[in-house]
Each structure stands twice: as C-alpha cells, then as structure tokens.
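We'll go stop by stop.

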Amino acid sequence: LATHGINAVRVPFGYWMVYPSAPFVFGQLKYLKQLFQWCERHSIAVLLDYHGLKGSQTGRATSGDCGACGRDECGQTKVDFLKEHRTNLEVIDSLTTLFSKS
C-alpha cells in the first residue's frame with residue numbers, strides 16, 4: 001500500500017471486538033493487533049471508526065443492533081447506545097490504551 005502512496009487505512013469496528021458477544025464473530029482483536037504491526041512497519045496510519053456501538057446508534061444490524069437482523073431470537077430493534085455508555089466508553093479506553101503508542 002505504502003509503495004502506491006496510500007498512507008492511511010480506515011477500520012470500521014464494533015464493540016464486540018473488545019467485548020465479544022453472540023451473535024457477532026469472535027476473535028477480531030488479534031487481527032487488529034496484526035494490522036497495527038503491519039501498518040507501523042510501513043508507516044501507514046490506522047483510523048479506527050467506531051461503527052457499531054453497544055445498544056446501536058442507528059437501529060441497523062451494521063451498527064451493533066442484533067434485533068435489526070430480523071430473526072426472532074435476536075430480539076427487537078432498538079437504539080439504546082446511551083444506556084450502554086459505560087461499555088462504549090470502555091471500548092474506546094481499551095483500544096486507546098492498547099494502541100496509543102503505535
């Protein structure tokens with residue numbers, strides 16, 4: 001990427017990267033750590049885009065609202081990210097602590 005003039009990558013992520021919970025995919029954090037290592041090696045900046053807050057900020061499945069998928073077992077669509085503010089701030093704190101020296 002760097003040899004082609006790309007100096008940054010954007011990484012959308014959800015709270016489940018730090019606090020895994022069903023039905024979201026587990027194990028993402030190890031890949032983010034690897035990405036930071038690769039990017040650091042090649043002087044490429046990483047922009048973390050908190051795309052899926054716990055409680056959802058839009059009520060859509062892509063923003064962390066399992067109920068938006070339409071399956072009965074996933075519950076109702078909701079926008080409750082303010083009720084989940086502690087978890088959402090802990091995600092930011094955790095990732096900041098982990099990558100602030102990168």
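Helices here are DSSP runs of H or I with at least four residues, strands are DSSP runs of E with at least two, and both are numbered from the N terminus. With that in hand, colour by secondary structure and read along the sequence: the pattern is β-α-β-α, from two helices and two strands.

Some housekeeping before we zoom in. This is a predicted model, so local features need pLDDT of at least 70 and side-chain atom pairs count only at pLDDT 80 or more, while totals for chains, interfaces and linings use all residues. Residues are numbered from 1 along each chain as its sequence is written, and side-chain values use heavy atoms, with hydrogens and water left out.

**Stop 1: the whole chain**

Colour by relative accessible area, taking buried as under 20%, exposed as over 50% and partly exposed as in between (1.4 Å probe, protein chains only). Of the 102 residues in the protein, 29% are buried.

**Stop 2**

Select 28-41 for helix 1 and 85-99 for helix 2. Two packed helices are described by the angle between their axes and the distance between the axes. Here the angle is about 40 degrees and the axes are 12 Å apart. The axes are lines fitted to C-alpha atoms over the stretch in contact, and angles run from 0 to 180 degrees between N-to-C directions.

Which residues meet across this pair? Show Leu 29, Leu 32, Lys 33 and Phe 36 on helix 1, then Leu 95, Leu 98 and Phe 99 on helix 2. By class, that contact has six nonpolar, no polar and one charged residues. The classes go like this: Ala, Val, Leu, Ile, Met, Phe, Trp, Tyr, Cys and Pro are nonpolar, Asp, Glu, Lys and Arg are charged, and the others, Gly among them, are polar.

**Stop 3: the core**

A nonpolar core is a set of buried Ala, Val, Leu, Ile, Met, Phe, Trp, Tyr and Cys residues joined through side-chain atoms within 4.5 Å. The largest one has 17 residues, and the members touching the most others are Phe 13, Tyr 15, Leu 32, Tyr 50, Val 91 and Leu 95. Strand 1 (8-14), helix 1 and helix 2 are the elements that give two or more residues to this core.

Centre on Phe 13. Skipping neighbours within four places in sequence, Phe 13 contacts Leu 48, Asp 49, Tyr 50, His 51, Gly 52, Val 91 and Leu 95.

Next, Tyr 15, in the loop between strand 1 and helix 1. Tyr 15 counts as buried because its relative accessibility is 6%. Gly 55 sits in the loop between strand 2 and helix 2 and is buried, at 10%.

**Stop 4**

Leaving out residues up to four places away in sequence, Asn 88 touches Tyr 15, Tyr 50, Leu 53, Lys 54 and Phe 81. Thr 87, also in helix 2, is buried at 19%.

**Stop 5: the salt bridge**

A salt bridge is a side-chain nitrogen of Lys or Arg within 4 Å of a carboxyl oxygen of Asp or Glu. The structure holds one: select Asp 49 and Arg 10, at 2.6 Å, N to O. Asp 49 lies in strand 2 (residues 45-52) and Arg 10 in strand 1, so the pair ties together parts 39 residues apart in sequence. Asp 49 is partly exposed, at 22%.

**Last stop: a loop residue**

Finish on Ser 43, in the loop between helix 1 and strand 2. Its phi is near 55 degrees, a positive value in a residue other than glycine. Ser 43 counts as exposed, at 64% relative accessibility.

Methods
Contact means heavy atoms within 4.5 Å.
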